[in-house]
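Biologist: I would like to learn how to read a structure one feature at a time. Please show it to me and begin with a single residue.

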Amino acid sequence: MQPKTPKDSITVLTDIVLPGETNPLNNLFGGELLARMDRAASITARRHSRRICVTASVNNVAFNKSIPLGSVVTIEAKVSRTFRTSMEIFLDVWIEDRESGNRQKANEAIYTFVAVDEMGAPIEIPTITPETEEEISRFEAALRRKQLSLVLAGKMKPSEATELKALFS
């Protein structure tokens, strides 16, 4: 399998916030944003692996800024790191000012997807080669996030989490 870069599978979804998608404060429902992010991440995972992919976890979501009714929302999804059968997808959510057109980051999230065969069994995927400084930073941090998740789930002993130990050495 040939290694890929994050730009090989980037997904950019742009949409507008409609009245039926908002809460009583006229801001986009968090669940609606999660669904949009899941779709973008799913497309990215499929592009990277060229396999059926399923959401394994939503590792982190930061609702930093509310997204008002009528906003143009852009979600950018990229593979930040791959493991044997899974991949971490980093998502950035941007909103566009209606008058100036300026974009500002509103939210971000990290999803994990697993590639599976037609029977639902995990299947090996290509590796990822980060290129930009941001991609390299996210790539390196992904292993720490994975080890922390495994330790918290009781699937890895803290003493085996080499990347986490390095943070405190």
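**One residue and its surroundings**

Modeller: Contact means heavy atoms within 4.5 Å. Setting aside neighbours within four places in sequence, Ile-110 is in contact with Ser-57, Val-58, Asn-59, Asn-60, Glu-88, Ile-89, Phe-90 and Arg-145. This is a predicted model, in which local features need pLDDT of at least 70 and side-chain atom pairs count only at pLDDT 80 or more, while totals for chains, interfaces and linings use all residues. Residues are numbered from 1 along each chain as its sequence is written, and side-chain values use heavy atoms, leaving out hydrogens and water.

Biologist: Is Ile-110 buried or exposed?

Modeller: Buried means under 20% relative accessible area, exposed over 50%, and partly exposed in between, with a 1.4 Å probe and protein chains only. Ile-110 has 4% relative accessibility, so it counts as buried. Buried residues make up 38% of the 169 residues in the protein.

Biologist: Which strand holds Ile-110?

Modeller: Strands (E, at least two residues) and helices (H or I, at least four) are DSSP runs, numbered from the N terminus. Ile-110 belongs to strand E5, residues 103–116. The protein has five strands and three helices, in the order β-α-β-β-β-β-α-α from the N terminus.

Biologist: What share of contacts joins residues at least 24 apart?

Modeller: Among contacts between residues at least 6 apart in sequence, the share is 67%.

Biologist: How far apart are Ile-110 and Phe-29 in sequence and in space?

Modeller: They are 81 residues apart in sequence and 18 Å apart in space, C-alpha to C-alpha.
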